Amino acid sequence: MYAGACLAALVVCIVLITGQNAPYFAHGHYLHLLPMLAVCWVGWSTLREAGPARTSKVFWTLVVTAVLSAWLELRFGIYKRKPFDEDGVFTLLSFCQLLLTACTSFAVWLRRRGPDRPRLRDDASIWAIMGAGFVYLAADEEMLLHEGAGHDILKIFHLPETAWTGRFDDMLIGVYGIIGLVALWRYRRELLRLPVFIRMLACGFVLLFLSVAADMFSHKPDFAVRLFGPERGLTVYDLGEDLDEIFKVAAEVFFLTGFTAALGAVRGEARRPPA
C-alpha cells in the first residue's frame, strides 16, 4: 500500500513536470521517460514489502540512469540556455531522487517508531525529520525556493548585491547541509548502528558541498577570476554550473542508496528471529 502510494505520487509528478516543460522534452522525443522508468523501478523495488533490492544494484541503476539522463540532455539539447540548466532531464531526475529518498526515510521511520505517540526526543524521529527535509529539497529543486529566499534576504535587509551577497541563494544550500549535519549528530545513536548508511551519507555530503562550491563559482566570473586569474578563472566559471548539477545528482545517488541500505537493515532486523 505504502509503496504503491509513493510510486503513484512519483508518476504523477513526472507527468506534471513533463507537461510543464514539454517544449524542452519534445526536443528529445520524450525519451527522458526511459531513465524515469528506471527511477520508478528503484522506488518500487526499494519500498515494496519484499524489498529492497541489493544496495549495489540500486546504486549502479542510479548511476546508469544519471549517465543516460546526461546523454539525452546533451544529445538532444533538452535545456533552456545550456546543458544541465533548469527544467531539463537532470532537474527532473534530481527531483525524483529527492522525493524517493524522502519516501524511503519515512518508510524507515514507520518501521522504527514505537507504539507510543511520536516525540522529537525519540531516536527514531530522525527518520521523519530527514523525510520532511528531503520533501522540502524536492520542492526546492522544482520551485527554486532557495533562490527566492536569497533575493528576499537582500530586500528585507536592504543589502546591495555584491560578489558575496549575490551568492546568498547558493550559500543557503550549504546551510541546508549544515542543518542536516547538526540533526544527524543529535540523533547519532540511532544512525551509527548502520555503517553502510553512514558511509553513503558521508560521500553524499562531500559531493553536496562540492556542488555548493561549484554553484558559487558559477554565479558571476569575478570570484573565479580573482582566485585563478583571468584565463583559468573564466574556464572555472564556465564549468561551475555544469559541475554543480553533476555533483548534486551524484550526491543524491549516494543519499538514496544509503537510505535504501538503511531500510534493508531495518527490515532485516524485523525478520530476524529473537535469540
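A residue is called buried when its relative accessible area is under 20%, exposed when that area is over 50%, and partly exposed when it falls in between. By this scheme Trp71, at 47% relative accessibility, counts as partly exposed. The views below all come from a predicted model.

**View 1. Helix 1 and its buried face.** Helix 1 runs over residues 2-20, and since 19 residues at 1.5 Å a residue should span 27 Å, the separation of 27 Å between its end C-alpha atoms agrees with that expectation. The buried residues of helix 1 are Ala3, Cys6, Leu10, Ile14, Ile17 and Thr18. When one looks down the axis of helix 1, these buried residues fall within an arc of 105°, so they line one face of the helix. On the face turned away from that buried side, helix 1 carries the exposed residues Val15, Leu16, Gly19 and Gln20. The cover over the buried residues of helix 1 includes helix 2 (22-25) and helix 3 (33-47), together with helix 5 (89-112) and helix 6 (125-143).

View 2. His29 is exposed, with a relative accessible area of 58%, whereas Tyr30, with a value of 34%, is partly exposed.

View 3. Leu31, Leu34, Leu37, Leu68 and Trp71 make a nonpolar surface patch of about 480 Å². At least two residues of this patch are supplied by helix 3, and at least two by helix 4 (55-76). Trp71, the partly exposed residue with which this text began, is found in helix 4.

**View 4. The salt bridge between Glu49 and Arg111.** The structure holds seven salt bridges, and in one of them Glu49 pairs with Arg111, with the closest N and O atoms 2.9 Å apart. This pair links distant parts of the chain, as Glu49 sits in the loop between helix 3 and helix 4 while Arg111 sits in helix 5, 62 residues apart. Glu49 counts as exposed at 55% relative accessibility, and Arg111, at 35%, is partly exposed.

**View 5. The salt bridge between Arg112 and Glu190.** The side chains of Arg112 and Glu190 meet in a salt bridge with an N to O distance of 2.8 Å. Arg112 lies in helix 5 and Glu190 in helix 9 (residues 188-191), so this pair ties together parts that are 78 residues apart in sequence. The relative accessible area of Arg112 is 29%, which makes this residue partly exposed, whereas Glu190, with a value of 2%, is buried.

View 6. Lys248 forms a salt bridge with Glu245, and the closest N and O atoms of the two are 3.1 Å apart. Both residues lie in helix 12 (residues 230-271), where Lys248 and Glu245 are three residues apart, about one turn of the helix. Lys248 is buried, and Glu245 is buried too.

Technical notes:
Residues numbered from 1 in each chain as written. Predicted model: local features only at pLDDT ≥ 70, side-chain atom pairs only at ≥ 80, totals over all residues. Heavy atoms only, no water. Helix = DSSP H or I, 4+ residues; strand = E, 2+ residues; numbered from the N terminus. Expected span 1.5 Å × (residues − 1). Buried < 20%, exposed > 50% of the residue type's maximum accessible area, 1.4 Å probe, protein only. Arc of directions from axis to C-beta. Contact = heavy atoms within 4.5 Å. Patch = residues over 30% accessible without salt bridge, like charges linked within 9 Å, V, L, I, M, F, W, Y side chains within 5 Å. Areas by Shrake-Rupley, 256 points an atom, 1.4 Å probe, with all protein chains shown as cover. Salt bridge = Lys/Arg side-chain N within 4 Å of Asp/Glu carboxyl O.
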